[in-house]
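This report is meant for a reader meeting the structure for the first time.

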Amino acid sequence: MADPKVAEIQQDRYPIISSYEMREYIREQGEYKPLVNVCSKLPSLDRAIENFHDGELVAISGPTKNGKTLFAQTLTKNFSEQQYFSLWFSYEVTPRGFINCFDDKDLPMFFMPKSLEARNMDWVERKILEGLEKYNTRIVFVDHLHYLFDLVSRQNVSLTIGNVVRRLKGIAVKNKLIIFLLCHTAKPGGEGGELSYLSIRDSSFVAQESDTVFMVQRTGKEQGQVRVEFHRRTGCFNEIIPIMKHGKYFQEMIQEVSSGDYQESYKKRRK
Amino acid sequence: MTDPIIERVDLLREQSLEKASRMPEDASREFMRRYCRMMIDHSKESMVTLQKDLAHLLKIRDRHPSDMQAQELLWFNIQLTQDCIKQEAEDINAFREELKQWQTQK
């Protein structure tokens with residue numbers, strides 16, 4: 001009589017296979033095309049990260065009042081123009097204030113819960129799935145991370161954040177979504193202060209679990225920058241995109257460069 | 001010297017005349033209020049239906065990513081549905097303004 005453990009291994013749906021078998025399996029499935037492939041409409045950013053794809057968790061960080069939400073709203077509007085509508089969890093701003101932040105004459109289409117429940121990750125997951133089922137919302141914005149768990153009762157905030165971020169990443173991969181997670185920085189950077197993904201408040205897990213981290217920072221009146229701290233898929237690292245506020249949204253600031261500078265910058269980018 | 005009974009009769013007659021003359025205006029105002037409220041409700045219902053329609057179109061789009069002809073048709077349909085939703089929202093706003101005007105008039 002055969003060993004039941006051996007029989008169990010033989011019937012396993014996910015057996016261990018060789019790299020050659022795996023390559024054949026991947027080839028059989030055909031070329032991978034992302035279900036969601038949207039651009040930010042900030043040309044340098046799109047060049048650097050080669051658009052946003054489903055299954056990605058994107059962290060947007062930066063000091064308070066430096067334009068994180070505005071950057072996210074700009075993305076929402078630009079995604080809406082490409083007929084990808086977002087689901088918003090705007091904990092920081094009231095629904096009235098949030099809607100007023102957009103251009104009243106040309107309000108982009110997006111979806112949001114009528115009212116929000118804070119410190120309840122199960123509820124957030126349920127609403128994400130509801131949005132997907134009802135309105136096919138494959139892009140989710142959460143403003144911001146610290147509203148997703150109870151700061152007071154938790155003993156180890158860092159581990160809790162790690163758990164929440166990992167769960168969000170899981171939801172993004174499983175349901176083919178893009179999740180944008182806004183989070184504060186630990187240091188009050190202000191204008192021009194040095195910040196990196198290591199400055200994200202309370203936990204290094206945010207940077208570890210995210211596919212990319214953007215750092216939004218003001219550099220002057222109505223001007224700022226988005227720094228791509230890293231991007232897992234493209235390998236982009238420390239790319240700075242200057243932005244400026246135009247009307248109610250951000251747009252890329254086009255810098256005039258001489259041809260020599262441009263070639264240098266192009267070469268650097270290609271490397 | 002006038003008779004107080006005749007004075008009272010005159011006063012009552014004037015009041016009833018005034019009330020009678022106001023009646024068509026009141027009826028018209030009430031009708032307009034109800035009309036605006038009804039139109040707002042209809043627009044809201046229509047908006048919900050259009051949003052459902054939009055969701056279906058988006059699902060179809062994601063189901064057939066390689067069919068370019070279908071994608072083009074869907075793009076215009078999604079755009080059209082979006083425009084309709086925006087138009088409904090504008091209609092609601094316009095009717096709400098109108099209702100406000102009718103409500104302030106006494």
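## Overall make-up

The model shown here is predicted. In chain A the secondary structure amounts to 9 helices and 11 strands, and 36% of the 271 residues of that chain count as buried.

A:Arg23 and A:Leu159 are 136 residues apart in sequence, and their C-alpha atoms are 36 Å apart in space.

## Helices α6 and α7 of chain A

Two packed helices are described by the angle between their axes and the distance between the axes. For helix α6 (residues 121–135) and helix α7 (residues 157–175) of chain A, the axes come within 12 Å and cross at roughly 15°. Because angles under 35 degrees count as roughly parallel, α6(A) is described as roughly parallel to α7(A), and the crossing in which α6(A) passes α7(A) is right-handed.

On the side of α6(A), the residues that take part in the contact are A:Met121, A:Glu125, A:Ile128 and A:Leu132, and they meet A:Val164, A:Arg167, A:Ile171 and A:Asn175 of α7(A). Sorted by class, the residues of this contact divide into 5 nonpolar, 1 polar and 2 charged. An α-helix has 3.6 residues a turn, so residues three or four places apart point the same way.

## A covered helix and a hardly covered one

Helix α4 of chain A (residues 68–81) has 14 residues, which at 1.5 Å a residue should span 20 Å, and this agrees with its end C-alpha atoms, which are 20 Å apart. Of these 14 residues of α4(A), 12 are buried, so the helix is largely enclosed by the rest of the structure. The buried residues of α4(A) include A:Phe71, A:Leu75 and A:Phe79, and also A:Lys68, A:Lys77 and A:Asn78. Just after α4(A), the backbone of A:Gln83 takes a positive phi of about 65°.

Helix α2 of chain A (residues 19–28) is hardly covered, for the count of buried residues among its 10 residues is 0. A:Arg23, which is found in helix α2 of chain A, counts as exposed, with 11 C-beta neighbours inside 10 Å. Just after α2(A) comes A:Gly30, which takes a positive phi of about 85°.

## Chain B and its contact with chain A

The contact between the chains takes 9 residues from chain B and 7 residues from chain A. On the side of chain B that touches chain A, the elements that give two or more residues are α1 (4–63) and α2 (68–104) of chain B. The largest share of that side, 5 residues, comes from α1(B). By class, the side of chain B that touches chain A has 5 nonpolar, 2 polar and 2 charged residues.

These two helices of chain B also pack against each other, for α1(B) and α2(B) lie at an angle of about 160°, with their axes 9 Å apart. Since angles over 145 degrees count as roughly antiparallel, α1(B) is described as roughly antiparallel to α2(B), and the crossing of α1(B) and α2(B) is left-handed. The residues of the contact of α1(B) with α2(B) divide into 19 nonpolar, 8 polar and 10 charged.

## Backbone details in the loops of chain A

Most residues other than glycine have a negative phi, and most peptide bonds are trans. Against that background, a cis peptide bond joins A:Asp143 and A:His144, with omega at about 5°. A:His144 is found in the loop between β6 (139–143) and α7 of chain A.

A:Lys41, which is not a glycine, has a positive phi of about 65°; the place of A:Lys41 is in the loop between β1 (37–38) and α3 (43–49) of chain A, and with 17 other C-beta atoms within 10 Å the residue A:Lys41 is partly exposed. A:Glu222, likewise a residue other than glycine, has a positive phi near 60°. A:Glu222 is found in the loop between β8 (212–220) and β9 (223–231) of chain A, where A:Glu222 is exposed, with 12 other C-beta atoms within 10 Å.

Conventions
Residues numbered from 1 in each chain as written. Chains lettered and ligands numbered in written order. Predicted model: local features only at pLDDT ≥ 70, side-chain atom pairs only at ≥ 80, totals over all residues. Helix = DSSP H or I, 4+ residues; strand = E, 2+ residues; numbered from the N terminus. Buried ≥ 20, exposed ≤ 12 C-beta atoms within 10 Å, placed from the backbone. Axes fitted to C-alpha atoms, helices over the stretch in contact; angles between N-to-C directions. Parallel < 35°, antiparallel > 145°, perpendicular 65-115°, else oblique. Left-handed = near helix turned anticlockwise from the far one by under 90°. Contact = placed C-beta atoms within 7 Å. Nonpolar A, V, L, I, M, F, W, Y, C, P; charged D, E, K, R; others polar. Expected span 1.5 Å × (residues − 1).
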